[in-house]
Each structure stands twice: as structure tokens, then as C-alpha cells.
Amino acid sequence: MILENGTIRTLDPSLPVAAALAIAGERVAGAVGTHETALATPDVVDLGGRCVVPGFTDAHVHFPTWALARSELRLEDAETLEQALELVRGAVSRHKGGWLRGRGWRDIETTRQALDAVTGDVPTALLARDSHSLWINSAALARADGDLEVPGGVVDLEAGVLREESAWHFRDAYVETADDEYVDAMREGLKVAASRGVTAIHDKDGWIGALGFFQQLHAEGALTLRVWQSLPHARVDELARLGLVSGLGDDRLRLGYLKAFMDGTLGSSTARLLDGSGIEITSGEELAEIVTRAAAAGWPVAVHAIGDLANREALDAFERTRGEWQPRGLRPRIEHAQLLAEEDVPRFAALGVAASVQFSHAPSDRDLADRLWAGMTHRAYAYRWLWDSGALVANGSDAPIEELDPLAGIRAAALRDWHPEQALTVEEALVATCVNPAVLAGDERRRGKLLPGYLADLVVLDRDPLEDVAGAEVVATMVGGRWVWNPPPW
């Protein structure tokens, strides 16, 4: 196949732009004119002036949760308790039994009594937008029979809210979701992801059995993107006994990394800050032990850290354990890195710890950050600082917290008007979305760029994003030389 009559952005400095692209089987053969002899009677696709870029990777997505959430009650538009309750009341009127699940509320004064008034005896569990708080009614509480207090958790019965570990424990233990529900939702989610140019993901839902869900879809031939799968750090001993290490799998589905949590979030006021506020989920000493055990078993660690103290302690732990993970070629990462002390920014590059960030969080969180982190937001979502320091910056969505839409994230980074000094260029945002996630997955020699020998994972856009990122839209998506969304002619 030859793609011609458009702009090909390879994202490689040695050949930034090509006029056409040749594809042989699953891989890029080269620029037309240098590899024509490798192609016998090629199909020619007229791009009609469109632009081709490498496929987008979402470096931080809860894919099964996002797919399921697309059919659940959504509360993102509720600005007050009354508005949220009205949406819940409507969902109850349509409810057909079992748990009423939803998500998306933020910054409202919840009460259990108010939720009871509109839900009655329907057990209801509503995750906050950041997934770190769970609003439940009395019917839901009755299912737990008092089993609420866990280390690293917060329980507020009057508000009807469980936070951090208490929220996750309750959800995992009592809010039933059948595996088939996840898999069915994921089938539809894969179509949506393809329509948005997503050719690979780093999934964060290992704790709910995402690996098995993806294995089922892969066996059906339905897996239209590449998965680098996380697993909970608590499974490290089990994985070691089974001889399972990071990187095992095939071109579509591989074991990736172990996930841990340092603190909570901005939205739940549980991010751990240098001023002493927030919730400690994992201490620096505990993280160092996790990283050491993971490295011995052949696994890199990704750790959630939002607050400046949580990030500092995570960096400290990676520094103390560098002799364990660095010689093994493991690539650790801090997820979110939302608030950083300025003196900690250079440590990411110095240590070789990646910043796995979500560009879309900056515009979404700005009002809350201005209120809760007043006087500190000049060092929040510090993408320019991190980039200029030499850190590897990888972009994800954190869907379902934000929408799984890489172009929206790229626009958020480049068109940022809140602390615009921390904005990136469009090209840098593309590198963070296409190239750097492949590096984190150890795939930098075969994915993320459009060079000879690389896998033909690409996105056709209606225009060159470097000229008009605000208006750019996905036209078609290819994975491994096969169109998975909207094949030509267009």
C-alpha cells in the first residue's frame, strides 16, 4: 500500500516530513522513491491533502472501567447537590434491578440522607470524577454490614462517602459487576477508541481482571489496539512464582508493569502535600520495598502520586532503589505528577523516572486547583518544566476521569491558557502521545514513528495538526497495516 498526496509526519528528526508512505504487510516499508521495488502492484491511497501521524497511545487509561462507564449514570454536568439528585432520580425511575452505578460528581456537598430520599431501597454507588471517593446510600451500606474501615481509607457516614482505600474496598467487595458486562462494553469501547485514533493503550485496570477481559477479546480476534497491561503490585510474589515477567505476550497484548499508590487526589482533597495535608496510602519506605521486590521479579513500577510530598517521596524511593531497577533496564514512572516542588522537577530526568501525565487534567482541574492549591498552581501540571528538564513525558487520558480522546489531550497541552508558560508545542504533545509511551513499553524500535521497519500503526487526520490543531479530526485509523476505522476511499 502507498499513501500519497498528503503530509506524512514521521515524528523522527532524521526525516520529519515525507510526501508519501509505503506499507508492506504489517510494517512501514519506507518513503515512496526509496522502497518502491519492495512493493509489487501496490494499492494507492490518495490522501487528498490530509495528514498522517503515528498512532496515538493512551499511556494511562482504565479501559474496562471507561467502556462500562459509557452506559452508566454520569454526573459530570451536575454543579450542585440538587442537580446531581435530579439525575439520580431519573436513573432510579429507569432502573431494572441490582446496583445503580454511576460516576462523575465533583465538588458538591453530598449527604447520605439526600441520596436515600431519591433512591429508596435501590443500592446505589456513585464514584466521584477522580474515582477516589464513593457516594453510597443506606441500602448500599447495609450490604457491607459495617465492613468499611481499612488502612488508607476514610469513612464519612453522614456524607455517605468513602474515600481512597475504603472506597475501593467497598466497590470491589460489594458492587457486583459481571465479567461479561465488562467484555461486552469493551467491544463497543474498542470501536470508539479506533475512531479516535487510539492504536495502543497502557491499561490501569489490572486489579479488576482486565488482563482476562483483553485475553478473551484477543482470542475472538476483536482486539483492535495494542495493550501494555498493569497488574497490582500486591501480586508480585505470585507473578514471580509463575515466572511471569514484564513484556511477556504478543504484538497485541503484553504484561506491562505493577501499579501502586502514594496518595489520593486533588478532587477528594486527599493529595499528600508538603504542608502536611492529604492521605498517605503508601509510604516512601514501603514504595522502596515494592520497587525492590518488583525489580527482582522483572517488573517496572508505576506509582500514582498527585501531591508535592507524594511525588518527592516517590522520587526518593526510586533513587534509593536505583541499583535494583536500573541495571535491569526497567523503566519506572510516576503517574500524574500534578503538583511538584520546583527543586524536584530535574530529578525525573536525572533518575530516569518518566512523568506519565494527563494533559487534559489541566483545563479540567483549573478551578478546583485555584481554590484548593491557591498560591501553588504555578508549579502544578508543570509540563513545560518537565519537558525542558529532559524528563520523558508520556500523555494519557485517565479515562473515564477524562474522555479517551488523544486529540483533546494534545489540544489541552498546546492551547493551554491557564499558566500558559507550562504549555507544550503541538509537536511536543504529539511526541508525548505517540513516541514516548512506546519507549515506556520498550517498543521504541518498532512503534511510535513512521520509519522503515516500524509497525504500520497510524492515524489519518483531516489536516496537519501543526498548522491547525484546534480543528483537526480523525479520518481513519490503521493498526499493523490494517484499517480498523473508516478505510478509504474517503
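This is a predicted model: local features need pLDDT of at least 70, side-chain atom pairs count only at pLDDT 80 or more; totals for chains, interfaces and linings use all residues.
Local features need pLDDT of at least 70, side-chain atom pairs count only at pLDDT 80 or more, and totals for chains, interfaces and linings use all residues. Residues are numbered from 1 along each chain as its sequence is written, and side-chain values use heavy atoms, with hydrogens and water left out.

Start with the largest nonpolar core. Such a core is a set of buried Ala, Val, Leu, Ile, Met, Phe, Trp, Tyr and Cys residues joined through side-chain atoms within 4.5 Å. Buried means under 20% relative accessible area, exposed means over 50%, and partly exposed lies in between (1.4 Å probe, protein chains only). The largest core holds 99 residues. Phe-63, Ile-334, Phe-348, Phe-359 and Trp-373 touch the most other members.

Now take Ile-334. Contact here means heavy atoms within 4.5 Å. Setting aside residues up to four places away in sequence, Ile-334 touches a list that includes Val-303, Leu-315, Phe-318, Phe-348 and Ala-355. Leu-386 is also in contact with Phe-348 and Ala-355, and with Leu-340, Val-345, Ala-391 and Val-393, again leaving aside neighbours within four places. Leu-386 sits in helix H14 (residues 383-389). Helices (H or I, at least four residues) and strands (E, at least two) are DSSP runs, numbered from the N terminus. Leu-386 counts as buried because its relative accessibility is 0%. Its C-alpha atom is 16 Å from that of Arg-416, 30 residues apart along the chain.

Helix H7 (residues 210-219) comes next. Its buried residues are Ala-210, Leu-211, Phe-213, Phe-214 and Leu-217. Seen down the axis of H7, they fall within an arc of 160°, so they line one face of the helix. The arc is that of the directions from the helix axis to the C-beta atoms. An α-helix has 3.6 residues a turn, so residues three or four places apart point the same way. What covers the buried residues of H7 includes helix H1 (63-69), helix H6 (179-195) and strands E15 (198-203), E16 (226-232) and E17 (253-261). Just after H7, Gly-221 takes a positive phi of about 75°.

Turn to the rings. Rings of Phe, Tyr and Trp (its six-membered ring) pair if their centres lie within 6.5 Å; planes under 30 degrees apart count as stacked, over 60 as edge-to-face and the rest as tilted. The structure holds 12 aromatic pairs. In one, Trp-168 and Phe-261 have ring centres 4.8 Å apart and planes at 40°, so the pair is tilted. This pair links distant parts of the chain: Trp-168 lies in helix H5 (residues 165-174) and Phe-261 in strand E17, 93 residues apart. Trp-168 is buried at 10% relative accessibility, whereas Phe-261 is partly exposed at 22%. Phe-318 and Trp-325 have centres 6.4 Å apart and planes at 85°, so that pair is edge-to-face. Phe-318 is buried at 0%, and Trp-325 is buried at 4%. Phe-63, Trp-66 and Phe-214 form one aromatic cluster.

Last, a loop. Asp-147 lies between helix H4 (138-144) and strand E13 (153-156). Asp-147 is partly exposed, at 31% relative accessibility. Beyond four places in sequence, Asp-147 touches His-169 and Tyr-174.
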